Structures are given as C-alpha cells and as structure tokens.
Amino acid sequence: MSVMYDDSVGVELSSDSFWEFGNYKRTVKRIDDGHCLCGDLMNCLHEWARIEKAYARRWRQLVEKEPQYGTMAMMYEAERVSKLHLEVKASLMNEDFEKIKHWQKEAFHKQMMGGFKETKEAEDGFRKAQKPWAKKLKEVEAAKKAHHTACKEEKWANSKADLSLNPEQLKKLQDKVEKCKQDVLKTKEKYEKSLKELDQGTPQYMANMEQVFEQCQQFEEKRLCFWEVLLEVQKHLDLSNVASYKTIYRDLEQSIRAADAMEDLRWFRANHGPRMAMNWSQFEEWSADLNRTLSRREKKTADGVTLTGINQTGDQSLQNKPSSNLSKTQSYPTDWSDDESNNPFFSTDANGDSNPLDEDTTSGMEVRVQALYDYEGQEHDELSFKAGDDLTKMEDEDEQGWCKGRSDSGQVGLYPANYVEAIQ
C-alpha cells in the first residue's frame, strides 16, 4: 500500500480507498480508457481485415503460379475461398469498424484545449465534492502535528530534571514543564475539536462523492452494453462451415455471452468505489515509539498505513509516473491500405496516470538548516549527523518525508526532514 501526497490540499494519502484524495482518478481514467479501447478494437479490426484481404489474394496467386494444379475445380475452389475471406474483410471494415467509430465519436466529445468533455466533468465533480472535506482534513493534520510536538516537548522537559541544578535553574525548568503541560492541553483540545468538525462533514462528503461516482458508472454502463458489438464481430469471423474453426469460435461466443455488465459495475464498486473499506480519522495519542523515523528500507518491508498514522510505511518508489497526452487524437479514414504504415491506429499514445493535482515542489534554492537530533544513516545514500550540525538543504521534502542535502564536509545524501530546522 503506497503513501502519496496531494499538493492541491497538502494532505498525505495513506490508503488505497476510493475516499482518499486523488484515488477517484481511477474512476475518471476509466472514461479515457474507454476511448482508447475503441481505438484498440478498431486497430484490431483493421489489421484482421488486412490479413483477410492478403489471404484472399494469396489463394488466387497460388493457383495461377502453379499451373499443374490449375484445374477448373481447383480454380473454382480457390475463388470460393478468396471470396469468403473478402466478405469477412468487407464485413469487418464496412459494418463493425464503422459502427465502433461512430459510437466513439458520439460518446466522447473532444475539447478545444484537449481531452474529453466527459473526463473534465467527472474530474471537476470529484474536485468540488472533495474540496470542503479536504480543508477540514488539513486542519486535523495540522492540529495533530501540533499536539504531538507539544507532547514531545513535555517529555523532553521532564527528562531534564536534575537534583544538581541550582534553585534558579530549577525554577526555570519547572516553568518550562508547566508551560509544556499547558501547551499539551491546548493542542489536544484543538485537535479534538478539528477532528469533531471533520467527522460532522464526512456524511456530506460521502454523499457528494457517491453522486459523482454514480454519474461515471452510468457512462461506463453505456460503454459496457455497447460492447455487445463484439457479438457481431464474432458472427463475421465465425467460419463455422469449416470444421477446424468450430471449437475456437464456439468458445469465443461463450466468453462474450458470459460477460455481465452489471456484475462488472458491482465489482468496480466493491474494489475501487464506495464499498471499499476506509480507515477514517480518529484521535491518536502521541507515542515516542510511533514517532521515530523509519529507514527507507523498513518502509519498503512494512505492511500497512493509516490515514492519519505516524508510521510512514508503504511503497518507497520515488520514480515519477510517466505522463501521457490524452489530448492527442486520431483520424480514422474510411479508405484503408494493406500497408501497416498507413494504419491510423498504430499509435503508442498511452492513457495518462499523471495526477493533475500534483505540482512541482522543487524550489531550486539551497537553504541552511541545523540538526535537532542525532541521526545515523541506515543506507549508503543517507547522511549521518549530530544534533547541532549545520547542513545545506538542496531539495525540498519529498512525499515520504526525506530531503536531499549536503554536509559541511561535502557529502551529499538524504536525511529525514523532521530532524532539522531552518537556520533563522
């Protein structure tokens, strides 16, 4: 289970649930996938028709090239086989291909700035539904962080008690402990208040998300039902009068007829929609054990994360997903050629996984920071330092809580961002 970060709301994503920020993009992406699937199917039909035409021509050439077999009966049989495959080619291109092309054009409406109208409407709907709840969740995260920091300060102050202190030092320490206790109580109260407000807004958030999701489901249902066009393709390809083809096309027909559009929708709802489980935010007591920074190797082997948990587990991949250009379009001419170079569907355009909510957070500026605690690097690309050491931060904190920096000795590596603070 991966840990992500949504820059648009400043909230860490620690669950694969539909209700998490950004995870609705799988539902939006399904719309673009539907358009690509139409293109892929037309590509297959175009290639199959090219093969049928080439096969029909090959039959005639074979008889003409071998005169010893060029009896009238053989030529007649060759003509029948050739005609049969030309009919298959014509059915695929003139009926099935054109039907899919027309449905694709009617179902997906291109925008002037690229992309499809249906995709944008779904994206905007989910963004609007998430915006109020995102703001409250961000407040919860900030309040939790403040409370846990106060708890840490209180623990530190209590650990400094020493009988060898003179009366003046002891008085200052007691004042510090008392102030820390007050901070803990105040931050706890604020944390609980913000969490309560979040809980109150959750039902409305779920209702709004469910409404947009249902609209996407209705669009997907139309596409799934349209795929019965595959039965027509199957009928044109089923040369059932040839014994060797019977088993293959019987199995193909059974597979197509076994497809259940409603079952597919139910499966998507259960595995990627509102019926997915969700670790809703709840109050968490501060704990020194939970607050320690895990190494990136430990993160790779850990098994779970919670939405608001301190543990930073999950997939540690730092690679960016390849973006794709969904605005690229294809033209499908009715006149086609056997030459693959003229095939309008040999396109390598992929459906994009890029998150439009993500933004580039690299500042490009070096900042001097000072270590708050000792840290011993646990991997070869990590820095080691002592509390009080000065470092140069070269890149901003990534989604896993790590920064890239350089020690005064010139060593470059990664370090946990919460172990340092900027030098004023």
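Predicted model: local features only at pLDDT ≥ 70, side-chain atom pairs only at ≥ 80, totals over all residues.
Residues are numbered from 1 along each chain as its sequence is written, and side-chain values use heavy atoms, with hydrogens and water left out.

**Aromatic rings**

- The ring centres of Phe18 and Trp19 are 5.1 Å apart and their planes meet at 70°, so this pair is edge-to-face; planes over 60 degrees apart count as edge-to-face, those under 30 as stacked and the rest as tilted.
- Both Phe18 and Trp19 are buried, where buried means under 20% relative accessible area, exposed over 50%, and partly exposed in between (1.4 Å probe, protein chains only).
- The rings of Trp103 and Phe226 are stacked, because their centres are 4.5 Å apart and their planes are at 10°.
- Trp103 belongs to helix H2 (residues 72-107) and Phe226 to helix H4 (residues 167-226), so the pair ties together parts that are 123 residues apart in sequence; helices (H or I, at least four residues) and strands (E, at least two) are DSSP runs, numbered from the N terminus.
- Trp103 and Phe226 are buried.
- A cluster linked by ring pairs includes Phe18, Trp19, Phe213 and Phe268.
- Over the ring of Phe268 sits the charged end of Arg30, 3.8 Å from the ring centre; this requires NZ of Lys or CZ of Arg within 6 Å of the centre and within 35 degrees of the ring normal.

**Packing of H4 and H7**

- Two packed helices are described by the angle between their axes and the distance between the axes.
- For H4 and helix H7 (residues 261-272), the angle is about 145° and the axes are 10 Å apart; axes are lines fitted to C-alpha atoms, for helices over the stretch in contact, and angles run from 0 to 180 degrees between N-to-C directions.
- Among the residues that meet are Phe213 and Leu224 in H4 and Leu265 and Phe268 in H7, contact being heavy atoms within 4.5 Å.

**Helix H5**

- The buried residues of H5 (residues 229-237) are Val229, Val233, Gln234, His236 and Leu237.
- These residues cover an arc of only 165° around the axis, which puts them on the same side of H5; the arc is that of the directions from the helix axis to the C-beta atoms.
- Leu237 counts as buried because its relative accessibility is 7%.
- The C-alpha atoms of Leu237 and Ser91 are 9.0 Å apart, although 146 residues separate them along the chain.

Key
Phe/Tyr/Trp six-rings, centres within 6.5 Å; stacked < 30°, edge-to-face > 60°.
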